[in-house]
Amino acid sequence: MASSLSRFLPNPKSVAAKLGVDQGAMHLVEAGLPQQLTELGWKVQFDGHLQFEDIWTEIDPPIGNLKNPRSVSRVCEHVSKVVGEHAKNGQLPLTLGGDHSLAMGSISGTLEEYPDACVVWVDAHADINTAETTDSGNIHGMPLSFLLGIGAKVEEFSWVKPLLQPHLLVYIGLRDVDAGERRILREHGIKAFSMHDVDKYGIGPVVEMALDHVNPGRKRPIHMSFDVDGLDPSVTPSTGTPVHGGLTFREGRYICEAIYETGCLVALDIVEINPALVDDQAAKKTVEVGCALVRSALGETLL
(Lines give C-alpha, C1' and ligand atoms only; values in the text may rest on other atoms or scores of the structure.)
Protein backbone atom coordinates (compact mmCIF):
# COMPACT_ATOMS: atom_id res chain seq x y z
CA MET A 1 0.00 0.00 0.00
CA ALA A 2 2.76 2.44 0.88
CA SER A 3 4.59 1.66 -2.32
CA SER A 4 1.61 2.31 -4.57
CA LEU A 5 0.84 5.60 -2.82
CA SER A 6 4.30 7.11 -3.00
CA ARG A 7 4.66 9.59 -5.84
CA PHE A 8 8.17 10.89 -5.21
CA LEU A 9 10.29 8.28 -3.41
CA PRO A 10 12.38 6.14 -5.77
CA ASN A 11 12.69 3.65 -2.92
CA PRO A 12 9.30 4.19 -1.31
CA LYS A 13 9.54 1.52 1.37
CA SER A 14 12.81 2.77 2.85
CA VAL A 15 12.87 5.06 5.87
CA ALA A 16 16.00 6.46 7.50
CA ALA A 17 15.63 7.42 11.16
CA LYS A 18 17.90 10.03 12.74
CA LEU A 19 17.61 10.96 16.40
CA GLY A 20 18.05 14.44 17.81
CA VAL A 21 20.21 15.46 20.72
CA ASP A 22 17.92 14.87 23.69
CA GLN A 23 16.86 11.56 25.23
CA GLY A 24 13.21 11.80 24.21
CA ALA A 25 13.89 10.44 20.75
CA MET A 26 15.75 7.43 22.11
CA HIS A 27 12.67 6.54 24.14
CA LEU A 28 10.78 6.12 20.84
CA VAL A 29 13.37 3.62 19.67
CA GLU A 30 13.35 1.79 22.99
CA ALA A 31 9.55 1.59 22.71
CA GLY A 32 10.02 -0.45 19.54
CA LEU A 33 9.41 2.11 16.79
CA PRO A 34 11.90 0.59 14.29
CA GLN A 35 10.25 -2.83 14.64
CA GLN A 36 6.80 -1.27 14.33
CA LEU A 37 7.78 0.34 11.04
CA THR A 38 9.33 -2.91 9.82
CA GLU A 39 6.00 -4.62 10.48
CA LEU A 40 4.36 -1.98 8.27
CA GLY A 41 6.62 -3.11 5.43
CA TRP A 42 9.30 -0.43 5.68
CA LYS A 43 13.01 -1.11 5.41
CA VAL A 44 14.37 0.88 8.35
CA GLN A 45 17.86 2.33 8.40
CA PHE A 46 18.52 3.54 11.94
CA ASP A 47 21.34 6.08 12.04
CA GLY A 48 21.51 6.15 15.82
CA HIS A 49 21.67 9.05 18.20
CA LEU A 50 23.47 12.25 17.25
CA GLN A 51 26.60 12.55 19.34
CA PHE A 52 27.24 16.21 20.08
CA GLU A 53 28.21 16.22 23.72
CA ASP A 54 31.40 18.12 22.85
CA ILE A 55 29.40 20.90 21.22
CA TRP A 56 27.05 21.39 24.15
CA THR A 57 29.89 21.60 26.66
CA GLU A 58 31.62 24.39 24.76
CA ILE A 59 31.26 28.00 25.85
CA ASP A 60 28.48 29.41 23.69
CA PRO A 61 27.57 32.96 24.75
CA PRO A 62 24.44 34.58 23.29
CA ILE A 63 24.49 36.44 19.99
CA GLY A 64 22.22 39.34 20.77
CA ASN A 65 19.73 37.48 22.93
CA LEU A 66 19.85 34.21 20.98
CA LYS A 67 20.68 31.33 23.31
CA ASN A 68 23.26 28.67 22.38
CA PRO A 69 23.46 29.92 18.79
CA ARG A 70 26.65 28.12 17.76
CA SER A 71 25.60 24.79 19.26
CA VAL A 72 22.15 24.91 17.67
CA SER A 73 23.58 25.98 14.33
CA ARG A 74 26.18 23.20 14.18
CA VAL A 75 23.68 20.49 15.11
CA CYS A 76 21.07 21.72 12.63
CA GLU A 77 23.62 22.02 9.83
CA HIS A 78 24.63 18.40 10.44
CA VAL A 79 20.98 17.31 10.41
CA SER A 80 20.52 19.16 7.10
CA LYS A 81 23.39 17.24 5.50
CA VAL A 82 22.20 13.87 6.79
CA VAL A 83 18.58 14.42 5.74
CA GLY A 84 19.70 15.69 2.34
CA GLU A 85 21.79 12.57 1.74
CA HIS A 86 18.95 10.23 2.65
CA ALA A 87 16.56 12.18 0.42
CA LYS A 88 19.00 11.90 -2.49
CA ASN A 89 19.13 8.15 -1.89
CA GLY A 90 15.37 7.91 -2.31
CA GLN A 91 14.72 7.27 1.37
CA LEU A 92 12.19 9.00 3.60
CA PRO A 93 14.11 10.81 6.36
CA LEU A 94 12.44 10.50 9.76
CA THR A 95 13.91 13.01 12.22
CA LEU A 96 13.08 12.41 15.88
CA GLY A 97 13.87 15.15 18.37
CA GLY A 98 14.67 17.14 20.27
CA ASP A 99 13.38 20.68 20.15
CA HIS A 100 11.82 22.13 17.02
CA SER A 101 14.96 23.99 15.98
CA LEU A 102 15.93 20.64 14.39
CA ALA A 103 13.42 21.38 11.63
CA MET A 104 15.72 24.14 10.42
CA GLY A 105 18.09 21.35 9.48
CA SER A 106 15.64 18.69 8.35
CA ILE A 107 13.63 21.03 6.10
CA SER A 108 16.83 22.50 4.65
CA GLY A 109 17.90 18.97 3.72
CA THR A 110 14.52 18.20 2.16
CA LEU A 111 14.49 21.38 0.09
CA GLU A 112 17.94 20.68 -1.32
CA GLU A 113 16.53 17.53 -2.94
CA TYR A 114 12.93 18.65 -3.39
CA PRO A 115 13.07 22.42 -4.00
CA ASP A 116 9.33 22.57 -4.75
CA ALA A 117 8.34 20.80 -1.52
CA CYS A 118 5.70 22.28 0.77
CA VAL A 119 5.73 22.18 4.56
CA VAL A 120 2.86 21.16 6.83
CA TRP A 121 3.71 22.39 10.32
CA VAL A 122 1.61 20.92 13.17
CA ASP A 123 2.20 22.84 16.38
CA ALA A 124 0.69 24.93 19.16
CA HIS A 125 3.29 27.59 18.32
CA ALA A 126 4.22 29.39 15.10
CA ASP A 127 8.01 29.13 15.63
CA ILE A 128 8.54 32.06 13.27
CA ASN A 129 10.05 34.68 15.57
CA THR A 130 13.07 36.56 14.30
CA ALA A 131 16.10 37.82 16.18
CA GLU A 132 14.21 41.12 16.49
CA THR A 133 10.86 39.74 17.70
CA THR A 134 11.92 36.94 20.05
CA ASP A 135 11.51 37.67 23.75
CA SER A 136 12.96 34.39 25.03
CA GLY A 137 15.94 34.06 22.71
CA ASN A 138 15.09 30.37 22.29
CA ILE A 139 15.95 29.34 18.75
CA HIS A 140 13.35 26.56 18.80
CA GLY A 141 10.85 29.42 18.43
CA MET A 142 12.61 30.72 15.31
CA PRO A 143 13.39 27.98 12.74
CA LEU A 144 10.84 29.08 10.16
CA SER A 145 12.10 32.64 10.04
CA PHE A 146 15.53 31.32 9.05
CA LEU A 147 14.06 28.95 6.46
CA LEU A 148 11.99 31.78 4.95
CA GLY A 149 14.79 34.36 5.10
CA ILE A 150 12.76 36.71 7.30
CA GLY A 151 14.40 39.18 9.66
CA ALA A 152 17.95 40.35 10.19
CA LYS A 153 20.74 38.02 9.11
CA VAL A 154 22.58 36.11 11.81
CA GLU A 155 26.02 35.16 10.54
CA GLU A 156 26.14 31.94 12.54
CA PHE A 157 23.15 30.68 10.53
CA SER A 158 24.37 31.84 7.11
CA TRP A 159 24.37 28.18 5.96
CA VAL A 160 20.55 28.18 6.06
CA LYS A 161 19.38 29.03 2.56
CA PRO A 162 15.97 30.78 2.38
CA LEU A 163 14.53 28.09 0.13
CA LEU A 164 11.07 27.93 1.68
CA GLN A 165 8.42 30.14 0.09
CA PRO A 166 5.66 31.61 2.32
CA HIS A 167 2.86 30.20 0.16
CA LEU A 168 4.30 26.69 0.59
CA LEU A 169 4.00 26.72 4.39
CA VAL A 170 0.79 25.93 6.25
CA TYR A 171 0.11 25.52 9.96
CA ILE A 172 -2.39 23.28 11.75
CA GLY A 173 -3.21 23.54 15.46
CA LEU A 174 -1.91 27.00 16.41
CA ARG A 175 -3.11 28.43 19.72
CA ASP A 176 -0.14 30.26 21.29
CA VAL A 177 1.24 32.86 18.87
CA ASP A 178 3.33 35.90 19.83
CA ALA A 179 2.31 39.37 18.68
CA GLY A 180 5.38 39.67 16.48
CA GLU A 181 4.62 36.31 14.91
CA ARG A 182 1.04 37.35 14.11
CA ARG A 183 2.43 40.36 12.29
CA ILE A 184 4.86 38.18 10.31
CA LEU A 185 2.10 35.75 9.32
CA ARG A 186 -0.09 38.62 8.07
CA GLU A 187 2.69 40.48 6.26
CA HIS A 188 3.83 37.37 4.39
CA GLY A 189 0.40 35.91 3.73
CA ILE A 190 1.22 32.64 5.47
CA LYS A 191 -1.77 30.34 5.86
CA ALA A 192 -2.51 29.13 9.36
CA PHE A 193 -5.33 27.02 10.80
CA SER A 194 -5.72 27.58 14.51
CA MET A 195 -7.64 25.46 17.00
CA HIS A 196 -10.54 27.84 16.38
CA ASP A 197 -10.62 26.59 12.80
CA VAL A 198 -10.45 22.97 13.94
CA ASP A 199 -13.39 23.60 16.29
CA LYS A 200 -15.35 25.43 13.58
CA TYR A 201 -14.81 23.16 10.59
CA GLY A 202 -13.56 19.85 11.96
CA ILE A 203 -10.18 18.27 11.39
CA GLY A 204 -11.07 16.67 8.04
CA PRO A 205 -12.01 19.90 6.26
CA VAL A 206 -9.08 21.74 7.90
CA VAL A 207 -6.55 19.24 6.56
CA GLU A 208 -8.12 19.43 3.09
CA MET A 209 -8.05 23.25 3.13
CA ALA A 210 -4.45 23.22 4.33
CA LEU A 211 -3.40 20.84 1.55
CA ASP A 212 -5.41 22.74 -1.06
CA HIS A 213 -3.45 25.86 -0.12
CA VAL A 214 0.10 24.47 -0.27
CA ASN A 215 -0.43 21.51 -2.56
CA PRO A 216 -3.34 21.95 -4.97
CA GLY A 217 -3.65 18.88 -7.14
CA ARG A 218 -1.37 17.05 -4.67
CA LYS A 219 1.57 17.42 -7.05
CA ARG A 220 4.21 18.69 -4.60
CA PRO A 221 6.34 16.70 -2.17
CA ILE A 222 5.36 17.22 1.48
CA HIS A 223 7.61 17.65 4.49
CA MET A 224 5.52 17.31 7.65
CA SER A 225 7.00 18.70 10.85
CA PHE A 226 4.92 17.57 13.84
CA ASP A 227 5.49 19.03 17.30
CA VAL A 228 3.73 16.85 19.86
CA ASP A 229 2.68 19.96 21.78
CA GLY A 230 0.25 20.46 18.90
CA LEU A 231 -1.76 17.83 20.76
CA ASP A 232 -3.48 18.67 24.03
CA PRO A 233 -1.32 18.15 27.16
CA SER A 234 -3.82 15.52 28.30
CA VAL A 235 -2.61 13.48 25.31
CA THR A 236 1.10 14.34 25.34
CA PRO A 237 1.97 15.58 28.85
CA SER A 238 5.70 15.02 28.42
CA THR A 239 6.62 18.04 26.31
CA GLY A 240 8.47 21.26 27.05
CA THR A 241 5.89 23.94 26.25
CA PRO A 242 2.39 22.47 26.73
CA VAL A 243 -0.64 24.61 25.86
CA HIS A 244 -4.15 23.56 26.83
CA GLY A 245 -6.92 23.31 24.25
CA GLY A 246 -5.00 21.32 21.65
CA LEU A 247 -5.67 18.55 19.17
CA THR A 248 -7.07 15.24 20.36
CA PHE A 249 -5.23 11.99 19.79
CA ARG A 250 -7.59 11.08 16.94
CA GLU A 251 -7.19 14.51 15.32
CA GLY A 252 -3.43 14.15 15.42
CA ARG A 253 -3.56 10.71 13.91
CA TYR A 254 -6.02 11.87 11.28
CA ILE A 255 -3.59 14.55 10.11
CA CYS A 256 -0.88 11.92 9.73
CA GLU A 257 -3.18 9.47 7.97
CA ALA A 258 -4.42 12.13 5.56
CA ILE A 259 -0.88 13.24 4.68
CA TYR A 260 0.11 9.63 4.03
CA GLU A 261 -2.90 9.11 1.79
CA THR A 262 -1.75 11.90 -0.53
CA GLY A 263 1.28 9.81 -1.51
CA CYS A 264 3.33 13.00 -1.33
CA LEU A 265 5.15 12.62 2.00
CA VAL A 266 8.93 12.69 1.53
CA ALA A 267 10.13 13.65 5.04
CA LEU A 268 8.79 13.61 8.59
CA ASP A 269 9.79 15.22 11.89
CA ILE A 270 8.36 14.23 15.28
CA VAL A 271 9.74 16.56 17.93
CA GLU A 272 9.48 17.93 21.48
CA ILE A 273 9.02 14.63 23.34
CA ASN A 274 10.78 15.13 26.67
CA PRO A 275 10.23 12.29 29.14
CA ALA A 276 12.40 13.98 31.77
CA LEU A 277 9.74 16.58 32.51
CA VAL A 278 7.06 14.34 34.02
CA ASP A 279 6.54 11.05 35.84
CA ASP A 280 7.22 7.74 34.17
CA GLN A 281 3.59 6.97 33.36
CA ALA A 282 3.02 10.31 31.62
CA ALA A 283 6.31 9.95 29.76
CA LYS A 284 5.33 6.45 28.58
CA LYS A 285 1.98 7.80 27.35
CA THR A 286 3.68 10.56 25.34
CA VAL A 287 6.18 8.16 23.80
CA GLU A 288 3.36 5.78 22.80
CA VAL A 289 1.52 8.66 21.13
CA GLY A 290 4.71 9.69 19.31
CA CYS A 291 5.12 6.16 17.94
CA ALA A 292 1.48 6.11 16.87
CA LEU A 293 1.87 9.37 14.96
CA VAL A 294 4.87 8.01 13.05
CA ARG A 295 3.06 4.78 12.22
CA SER A 296 0.01 6.69 10.98
CA ALA A 297 2.14 8.95 8.80
CA LEU A 298 3.81 5.87 7.31
CA GLY A 299 0.74 3.89 6.45
CA GLU A 300 -0.90 2.32 9.49
CA THR A 301 -4.69 2.36 9.20
CA LEU A 302 -7.48 1.50 11.60
CA LEU A 303 -8.79 -1.28 9.36
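Mentor: Contact here means that heavy atoms lie within 4.5 Å. The model is a predicted one, where local features need pLDDT of at least 70 and side-chain atom pairs count only at pLDDT 80 or more, while totals for chains, interfaces and linings use all residues. Residues are numbered from 1 along each chain as its sequence is written, and side-chain values use heavy atoms, with hydrogens and water left out.

Start at Val271, which belongs to strand β8, residues 265–271. Helices (H or I, at least four residues) and strands (E, at least two) are DSSP runs numbered from the N terminus. Val271 has a relative accessibility of 1%, so it counts as buried (under 20% relative accessible area with a 1.4 Å probe and protein chains only; exposed is over 50%, partly exposed in between). Apart from neighbours within four places in sequence, Val271 touches Gly97, Gly98, Asp99 and His100, and also Phe226, Asp227 and Val228. Pro162 is 109 residues from Val271 along the chain, and their C-alpha atoms are 22 Å apart.

Glu272 sits in the loop between β8 and α12 (280–297). Its phi is near 75°, a positive value in a residue other than glycine. Most residues other than glycine have a negative phi. Glu272 is counted as buried because its relative accessibility is 11%. Arg218, in the loop between α10 (203–214) and β7 (222–227), also has a positive phi, near 50°. Arg218 counts as buried because its relative accessibility is 14%.

Now turn to His125, in the loop between β4 (118–122) and α7 (143–148). His125 is buried because its relative accessible area is 13%. Its side chain makes a polar contact of 3.2 Å with the side chain of Asp229, and another, of 3.4 Å, with that of Asp176. Such a contact is a pair of N or O atoms within 3.5 Å; within protein, one must be able to donate a hydrogen and the other to accept it, and residues adjacent in sequence count only if both atoms are side-chain atoms. Beyond four places in sequence, the contacts of His125 include Tyr171, Leu174, Thr241 and Val243.

His125 is also among the residues nearest the centre of the largest pocket, with Asp127, His140, Gly141 and Asp178; 17 residues line this pocket. On a 1 Å grid over the protein atoms alone, a pocket is an open set of points with protein on both sides within 12 Å along at least five of seven lines, and lining residues have an atom within 4 Å of a point. The lining has no nonpolar, 9 polar and 8 charged residues. Ala, Val, Leu, Ile, Met, Phe, Trp, Tyr, Cys and Pro count as nonpolar, Asp, Glu, Lys and Arg as charged, and the others, Gly among them, as polar.

Tyr171, a contact of His125, is one of the residues with the most contacts inside the largest nonpolar core, as are Ile128 and Met224; that core has 87 residues. A nonpolar core is a set of buried Ala, Val, Leu, Ile, Met, Phe, Trp, Tyr and Cys residues joined through side-chain atoms within 4.5 Å. Ile128 is in contact with Tyr171, and its other partners beyond four places in sequence include Gly141, Leu144, Ile184 and Ile190.

Conventions:
On a 1 Å grid over the protein atoms alone, a cavity is a set of points where a 1.4 Å probe fits but cannot get out, and a pocket is an open set with protein on both sides within 12 Å along at least five of seven lines; lining residues have an atom within 4 Å of a point.
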